[in-house]
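Please consider the charged side chains of the following protein chain and how they pair.

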Amino acid sequence: MRSRITKILSAALIIGVPLIVILISVRSGELSASLEALKKASPVYILLGLGCYFGYILGNTLSLMASLHSQGYKLPLIEAIITSLVGQYYSNITPSASGGQPMQIYRMHKNGVPVGVATSATVMHFIAYQIMITILATVFGTAYWRYIYEHLGRYWFILLVGYLINALSGVGVMMLSCTRRPVRYVLDKVVKIGAKLHLVKNPDALRDKFSATHDMFYDSMRVMLHRKRNIVEQMLICALQ
């Protein structure tokens, strides 16, 4: 019964959100404006745009497959593509793209990948992606700083703030991935709060489950970060994206 309700709610979310977006677009006039713009656009540029989008999805697919393969887990190509598309979809419909990675982890877990390993695969891609964006932003920002300043003027510092946030997020996640105590402390606090609110029936069992998953994640990240080939693969894939 619970599984059936979950499936119904998932289907309602998947179907309902696009319908709401379409309804809002129709009422605001944005949909008709978008269709008009597509009619005027060159088919070549539309195909290039679609090619870039599917290239991005392919990059995410290859990243997940490479990380899992390095841990001894295999995810079929079609399933890896579906997992990437699921992540992209939920990133688009949740605030700050917060739902994409959890849904990818859930999808991989349903295909026999432990949660700790699946989490490390998504985190590894995030770190590599943030670092590659920072490298490319540094190179092109330095090369075209005059162009940037001419167009942004006195508001150039906003771009700098975004650049620093992007760089620090990648480094910060990497540091947290390599340390046990801070993450374990937070998990322990979450369990305690859940127990006080009577949301957790067996705090000790949940704490042990969290600890086992975190240990697997920590060990998985250490293996991948100590393999130069895996790091190079992830960086090249993210450069493609």
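Arg-207 and Asp-204 meet through their side chains in a salt bridge, at 3.0 Å from N to O; a salt bridge here is a side-chain nitrogen of Lys or Arg within 4 Å of a carboxyl oxygen of Asp or Glu. Both residues lie in helix α10, three residues apart, about one turn of the helix. Helices (H or I, at least four residues) and strands (E, at least two) are DSSP runs, numbered from the N terminus. The model is predicted: local features need pLDDT of at least 70, side-chain atom pairs count only at pLDDT 80 or more, and totals for chains, interfaces and linings use all residues. Residues are numbered from 1 along each chain as its sequence is written, and side-chain values use heavy atoms, with hydrogens and water left out.

Arg-207 also forms a salt bridge with Asp-188, at 2.6 Å from N to O. This pair links distant parts of the chain, with Arg-207 in helix α10 (residues 203-225) and Asp-188 in helix α9 (residues 181-196), 19 residues apart. Arg-207 is partly exposed, with a relative accessible area of 23%, and Asp-188 is partly exposed at 21%; buried means under 20% relative accessible area, exposed over 50%, and partly exposed in between (1.4 Å probe, protein chains only). A network of salt bridges links Asp-188, Lys-192, Asp-204 and Arg-207.

The structure holds six salt bridges. One of them joins the side chains of Glu-79 and Arg-107, at 2.6 Å from N to O. Here, too, distant parts of the chain are linked: Glu-79 belongs to helix α4 (residues 77-93) and Arg-107 to helix α5 (residues 100-110), 28 residues apart. Glu-79 is buried, with a relative accessible area of 13%, whereas Arg-107 counts as partly exposed at 29%.

A search of the whole structure finds zero disulfides. Cys-52 is exposed, with a relative accessible area of 57%, while Cys-238 counts as buried at 4%.

As to the overall fold, the protein chain comprises eleven helices and zero strands. Its C-alpha atoms fill a box of roughly 60 × 45 × 40 Å along the principal axes. Of the 241 residues, 26% count as buried. Among contacts (heavy atoms within 4.5 Å) with a separation of 6 or more, 71% come from residues 24 or more positions apart.

Conventions:
Disulfide = S-S within 2.5 Å.
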